[in-house]
Structure formats: C-alpha cells, structure tokens
Amino acid sequence: MLIKQMKTLSTTFASFISACLLSISLAMSVSMTAYAAIDVYDFDSIQQEAQYRGLIEELRCPKCQNQNLAGSDAPIAQDLKQKTYDMVKDGRSDTEIRSYMQERYGDFISYKPPVRPSTWILWFFPPLLLVFLIVGWFWQSKRHQRIASGQSGVTMDSSAAALTAAEQAELDRLLSRADSNNSVNRTDHDTTSLEDKK
C-alpha cells in the first residue's frame, strides 16, 4: 500500500516538474520572440530617425487590415520597415518614399490616399452625405412646423371646396338619418334603463 502511494506521489511530482520545465521553456521562447521583434536601426542623425519613425507610423501594413508598419509584426511589414530604413539612409525625401510605396502597393498603403478620381468617394462621400442629412433634417423639421401651425402648403380652390346642391341635400339627408337613429337608440336605452330600475 505504501509502495503504491510512493509510486503515485513520484509520478505526480514528475508530471509537476515536467509541466514547470515546459512553462519555463515556453516563457523563454516567447520573450526571445518579443525581443527579436524590436527594431534596432542605426541612423546618421536624429532627423533621419524622426523621418523613419514618422513614415512607419503613417504607412499601413498591406497584410494587416488597419495597422501601421510600426505596430505590425507581419513579415511583409518587417520587409517594408527595412526598405523604408534603406531609403531614409540613402537620403530620399518623404515624398519619394511615399511615391515608391504607393507605386508598389497602391493607395491602400497610405492612411491619407491622394485626391484623384479613383479616391473621390473616400474624400467627398462622407461630407456630402453629412450635408444631405442636415438638409433633410431641416426640411423635415420645417415641414412639421408648418403642419403644426396649419400652414400645410396645400391650398384648396373655393369652388372645389363648395358642395353642389345635390351633394348638400344628400349630406343633410344622411346627417338627419344619423341623428334620428341616435335619438331612437337613446330612447330605447332610456326605456331599458327605466325598466331595469323598477
């Protein structure tokens, strides 16, 4: 019995040790990967470093949907950072580097695409939509104010509003019939209620 307990305890202890070693090795590999992702570039001046940092913050990673090069660890982002670094070291201007990237990867590479017919919808649709929504809102509120004040804007011709003699006679006949039906119903109701009271 004691031997079985000792075997169980040793098996549990061995499992615990192997789990700890596995955890430590995973933690070390993750930290080494994180360390490897840090970019270390040597620049000739502070201006070059500022130019590089500004460009990688501005340029979008082609693989990642909405992440700039600075925040992306994708392999293509690493390549583009290296290319940007090389171009900065060669003394190229921001405009030249942006032009190179846009020629190679299209307007998607930039968070600020140029204004041209293919990008008009990006630049002009949101402001136009906002203007239309504001105009529509004003028009609706004015319309509701006119309706509330009785100025619906619909004018009726006085001759069209007046009834012909035949129409007036028919209307009077219908109204008198409705009045007589109401008075009969009231009389029946009063009679019924008097009988109920007795």
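Buried means under 20% relative accessible area, exposed means over 50%, and partly exposed is in between, with a 1.4 Å probe and protein chains only. I start there because Lys89, at 28% relative accessibility, counts as partly exposed.

Some ground rules. This is a predicted model, where local features need pLDDT of at least 70 and side-chain atom pairs count only at pLDDT 80 or more, while totals for chains, interfaces and linings use all residues. Residues are numbered from 1 along each chain as its sequence is written, and side-chain values use heavy atoms, with hydrogens and water left out.

Now the charged pairs. Side chains of opposite charge can pair when their charged atoms come close. A salt bridge here is a side-chain nitrogen of Lys or Arg within 4 Å of a carboxyl oxygen of Asp or Glu. How many salt bridges are found in the whole structure? The search finds 5.

One of them joins the side chains of Lys89 and Asp44, at 2.9 Å from N to O. Lys89 belongs to helix α3, residues 75–89, and Asp44 to the loop between α1 (2–36) and α2 (46–58), so this pair links distant parts of the chain, 45 residues apart. Asp44 is exposed because its relative accessible area is 59%.

Next, Arg98. Its side chain meets that of Glu58 in a salt bridge of 2.5 Å, N to O. Glu58 is in helix α2 and Arg98 in helix α4, residues 94–105, and 40 residues separate them. Is Glu58 buried or exposed? With a relative accessible area of 18%, Glu58 is buried, whereas Arg98, at 27%, is partly exposed.

Arg98 also has a salt bridge with Asp94, this one at 3.9 Å from N to O. Both residues lie in helix α4, 4 residues apart, or about one turn of the helix. Asp94 counts as partly exposed, at 30% relative accessibility. Glu58, Asp94 and Arg98 are therefore linked in a network of salt bridges, given the cut-off I mentioned.

Last, the surface. A nonpolar patch includes Val115, Trp120, Phe125 and Phe132, among others, and its residues together have about 1200 Å² of accessible area. Patch residues have over 30% relative accessible area and no salt bridge; like charges are joined within 9 Å, and nonpolar side chains (Val, Leu, Ile, Met, Phe, Trp, Tyr) within 5 Å. Accessible areas come from the Shrake-Rupley method with a 1.4 Å probe, and for residues only the protein chains shown count as cover. Phe132 sits in helix α5, residues 120–149, and counts as exposed because its relative accessibility is 60%.

Definitions and conventions:
Helices (H or I, at least four residues) and strands (E, at least two) are DSSP runs, numbered from the N terminus.
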